[in-house]
Amino acid sequence: MSAENKQAQVSQMRAAIDKVVAIGPDFLAKKIPAGKMAHTMVKTVEDYTEQAKKEGNSHPQSNEARELQEVLQEIAGCGSGFLADRCDADCVARTISYLVDEFSDKAKL
């Protein structure tokens with residue numbers, strides 16, 4: 001895979017994570033219920049995965065992509081875990097807090 005394609009893959013992964021991070025503060029402020037947050041988490045990762053498969057780009061092609069894939073798996077696992085009653089809203093909040101802290105634009109400054 002070319003360097004340009006590898007960067008495109010990373011950009012797409014970050015865009016998916018950014019969708020969750022963008023609404024994370026509203027969830028943490030209790031403006032969004034945990035169920036809606038969980039559905040958003042799962043849907044975002046499903047959308048990314050579908051797009052990546054269509055492009056033949058579903059396997060991580062760099063170390064950064066492998067790390068981001070783990071984050072996407074955590075997002076999907078957390079959201080689906082809540083929806084399956086395997087965890088509670090506090091668990092979702094811990095995951096979202098980590099994501100917001102780690103991936104928000106403020107954290108990058």
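How are H1 and H4 oriented to each other? This is a predicted model, in which local features need pLDDT of at least 70 and side-chain atom pairs pLDDT 80 or more, while totals for chains, interfaces and linings use all residues. Residues are numbered from 1 along each chain as its sequence is written, and side-chain values use heavy atoms, without hydrogens or water.

Start with the two helices. H1 covers residues 3-28 and H4 covers residues 89-103. Helices here are DSSP runs (H or I, at least four residues), numbered from the N terminus. Two packed helices are described by the angle between their axes and the distance between the axes. For H1 and H4 the angle is about 120°, and the axes lie 9 Å apart. Axes are lines fitted to C-alpha atoms over the stretch in contact, and angles run from 0 to 180 degrees between N-to-C directions. H1 and H4 are therefore oblique to each other. Angles under 35 degrees count as roughly parallel, over 145 as roughly antiparallel, 65 to 115 as roughly perpendicular, and the rest as oblique.

Next, the residues that meet. H1 contributes Arg 14, Ile 17 and Phe 27, among others. From H4 come residues including Val 92, Ile 96 and Phe 103. Contact means heavy atoms within 4.5 Å. By class, the H1 contact with H4 has 13 nonpolar, two polar and two charged residues. Ala, Val, Leu, Ile, Met, Phe, Trp, Tyr, Cys and Pro count as nonpolar, Asp, Glu, Lys and Arg as charged, and the others, Gly among them, as polar.

Now look at the rings. A search of the whole structure finds one aromatic pair. The ring centres of Tyr 98 and Phe 103 are 6.5 Å apart and the planes stand at 85°, so the pair is edge-to-face. Rings of Phe, Tyr and Trp (its six-membered ring) pair if their centres lie within 6.5 Å; planes under 30 degrees apart count as stacked, over 60 as edge-to-face and the rest as tilted. Phe 103 is buried at 9% relative accessibility, whereas Tyr 98 is partly exposed at 43%. Buried means under 20% relative accessible area, exposed over 50%, and partly exposed in between (1.4 Å probe, protein chains only).

Thr 95 also sits in H4. Thr 95 is buried, at 10%. Leaving out residues up to four places away in sequence, Thr 95 touches Met 41, Glu 74 and Cys 78.

Finally, the loops. Lys 30 lies between H1 and helix H2 (34-54). Its phi is near 65°, a positive value in a residue other than glycine. Lys 30 is exposed, at 73% relative accessibility.
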